[in-house]
Amino acid sequence: MPADAAVTVQGLTLHLRIGGQGPGLLLLHGFPTSSADWDPIWSALTRDFRVLAFDFPGLGRSEKPRRHVTIPQIADIALELMDRHGVPCAHMLAHDLGNTVALELLHRDRDWQSLVMLNGGIVPGAYRPRPIQKLLAGPAGPLVARVASERLFRRNMHRIFGPHTAPSEQFLHESWQTLLAGGGRASLPYVIRYLHERKRHADRWMEPLRHPPVPMQLICGVHDPVSGEAVADAVEALESGVHVTRLDVGHYPQVENPEQVVDAFRAFHSRLR
């Protein structure tokens with residue numbers, strides 16, 4: 001299996017990436033970007049793990065259907081990919097939308113051993129979606145998507161990064177081009193319906209946070225206005241044993257300060273031994 005490949009799962013063509021040797025590690029990316037977000041830490045992770053990542057349906061280089069693929073369906077796809085390509089269900093590292101997929105996967109009958117989450121809307125009430133997200137998820141979503149521009153995308157991305165860790169021009173340009181590829185603009189209102197799913201299934205996806213079935217960590221960029229300090233505080237307030245690490249970055253810790261994310265991830269895993 002090459003490092004990057006196009007595979008068909010449940011009738012959808014998806015972009016898959018596999019590398020490294022060792023225990024299985026599933027990477028789950030966020031909205032509205034792709035598994036390319038893991039590039040800054042990919043080489044560090046593949047030194048110690050057999051890593052699998054894929055672009056969610058509707059995002060990245062995967063197929064962009066004109067329908068909503070639910071969080072449970074994305075979880076099903078992840079498990080099928082791991083089974084098909086011989087990557088054991090062991091550890092997860094997730095970000096943003098991927099966190100909710102990971103919390104769903106913890107309900108599945110698999111031998112998960114740990115979950116590390118980066119910034120994401122995992123606690124209702126502490127999560128503050130941007131106005132553009134609310135518009136995309138609402139009745140005017142298709143119209144908003146049609147008029148969305150790279151300038152608007154860049155402005156919103158700058159607002160969720162940390163004050164000292166602004167996104168590079170390369171990251172912004174490549175993320176926008178990948179988002180557009182394959183008719184991605186039209187798929188955004190379907191993908192972002194995960195916001196409604198989070199509300200409907202809040203109790204189900206809060207349960208692993210209240211009663212962690214495996215060791216869990218949140219690595220949180222505190223300058224994220226969407227899911228930063230407030231989410232970290234809310235997770236700590238649960239007093240459930242989820243370890244919280246705060247970083248001086250924004251919504252994309254793995255992009256803004258990959259070295260600190262790797263250090264925090266490795267420190268967490270060293271405590272598992």
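Predicted model: local features only at pLDDT ≥ 70, side-chain atom pairs only at ≥ 80, totals over all residues.
Residues are numbered from 1 along each chain as its sequence is written, and side-chain values use heavy atoms, with hydrogens and water left out. Local features need pLDDT of at least 70 and side-chain atom pairs count only at pLDDT 80 or more, while totals for chains, interfaces and linings use all residues.

**Exercise 1. Describe how α7 and α8 pack, and name the residues that make the contact.**

Step 1. Locate the helices (DSSP runs of H or I, at least four residues, numbered from the N terminus). Helix α7 covers residues 169-180 and helix α8 covers residues 184-191.

Step 2. Take the angle and the distance between the axes (lines fitted to C-alpha atoms over the stretch in contact, with angles from 0 to 180 degrees between N-to-C directions). The angle is about 85°, and the axes of α7 and α8 are 7 Å apart. Therefore α7 is roughly perpendicular to α8, a term for angles of 65 to 115 degrees.

Step 3. List the contact (heavy atoms within 4.5 Å). Helix α7 contributes Trp176, Leu179 and Leu180, and α8 contributes Gly184, Arg185 and Leu188.

Step 4. Sort by class: Ala, Val, Leu, Ile, Met, Phe, Trp, Tyr, Cys and Pro are nonpolar, Asp, Glu, Lys and Arg are charged, and the others, Gly among them, are polar. The contact of α7 with α8 has 4 nonpolar, 1 polar and 1 charged residues.

**Exercise 2. Describe the lining of the largest pocket.**

Step 1. Apply the rule: on a 1 Å grid over the protein atoms alone, a pocket is an open set of points with protein on both sides within 12 Å along at least five of seven lines, a cavity is a set where a 1.4 Å probe fits but cannot get out, and lining residues have an atom within 4 Å of a point.

Step 2. Give the volume (the space filled by probe spheres set on the points). For the largest pocket this is about 330 Å³.

Step 3. Examine the lining. It has 19 residues, with Gly121, Tyr127, Leu195, Arg198 and Lys199 nearest the centre of the pocket. Helix α9 gives the most, 4 residues. The classes are 11 nonpolar, 5 polar and 3 charged.

**Exercise 3. Describe the largest cavity.**

Step 1. The largest cavity has a volume of about 310 Å³.

Step 2. Its lining holds 20 residues, and Phe31, Pro32, Ile132, Phe153 and Asn156 are the closest to its centre.

Step 3. Helix α6 gives the most to this lining, with 5 residues. By class, the lining has 14 nonpolar, 4 polar and 2 charged residues.

Technical notes
Helix = DSSP H or I, 4+ residues; strand = E, 2+ residues; numbered from the N terminus. Parallel < 35°, antiparallel > 145°, perpendicular 65-115°, else oblique.
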